[in-house]
Amino acid sequence: MTLYSIGEAAEKTGLSAYTLRYYDKEGLLPMVERSSGGIRLFRESDFGWLRLIECLKASGLSIKEIKQYIDWYMEGDSTLEQRRSLFYSRKKAVEEQIAQLQKTLNAVTYKCWFYDTAVQAGSEEAVQNMRPEELPPEIRRLREESGLFSQQKQDPAETA
């Protein structure tokens, strides 16, 4: 079994040694071994935990909430319902974030088309005066799905 120093673990995970120490201090790494001199020693299996911690952080959980999850995990099968509920809650939150990001991407993609077309025409006015039915179908869909632009031709957001 290979053991890694904190520096090696930092290099292997892309996390800083400071972050690894912080996670340990906050109780997120209860399975990390220590040498007789108190040096943290990481195993391959610890890297999976670190990836999960980063995933939970990216999903919006706080360090305190991640600690609660780890505590539940350490308690075993009696906490299966709580852990399942946590992941379903995170799934819903991430799906909502993705939906919002998709709207944002739709708006940005529309604006890319808007400015590409305006540059090609030499004026924004040419694009602003287009009726919705004159827009390419995909662009019209993106514009509508972004939710940022009204259906009126002269929308303040059109000139932004």
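The model is a predicted one, where local features need pLDDT of at least 70, side-chain atom pairs count only at pLDDT 80 or more, and totals for chains, interfaces and linings use all residues. Residues are numbered from 1 along each chain as its sequence is written, and side-chain values use heavy atoms, leaving out hydrogens and water.

The protein has 8 helices and 2 strands, which are DSSP runs numbered from the N terminus (helices: H or I, at least four residues; strands: E, at least two). Along the sequence they come in the order α-α-β-β-α-α-α-α-α-α. With a radius of gyration of 25 Å, well over the 15 Å that the globule rule gives for 160 residues, the protein is more spread out than a compact globule. (That radius is taken over C-alpha atoms, and the rule is 2.2 Å times the number of residues to the power 0.38.) Along the principal axes, the C-alpha atoms fill a box of roughly 75 × 35 × 25 Å.

As for the surface, 32% of the 160 residues count as buried, meaning under 20% relative accessible area, with exposed being over 50% and partly exposed in between (1.4 Å probe, protein chains only). On the charge side, there are 22 positive and 25 negative side chains, and the centres of the two sets lie 4 Å apart. Here Lys and Arg are positive, Asp and Glu negative, and His and the chain ends are skipped; each charge is placed at NZ of Lys, CZ of Arg, CG of Asp or CD of Glu.

Now for the cysteines. Cys-55 is partly exposed at 45% relative accessibility, and Cys-112 is also partly exposed, at 43%. The disulfide count is 0, going by pairs of cysteine sulfur atoms within 2.5 Å.
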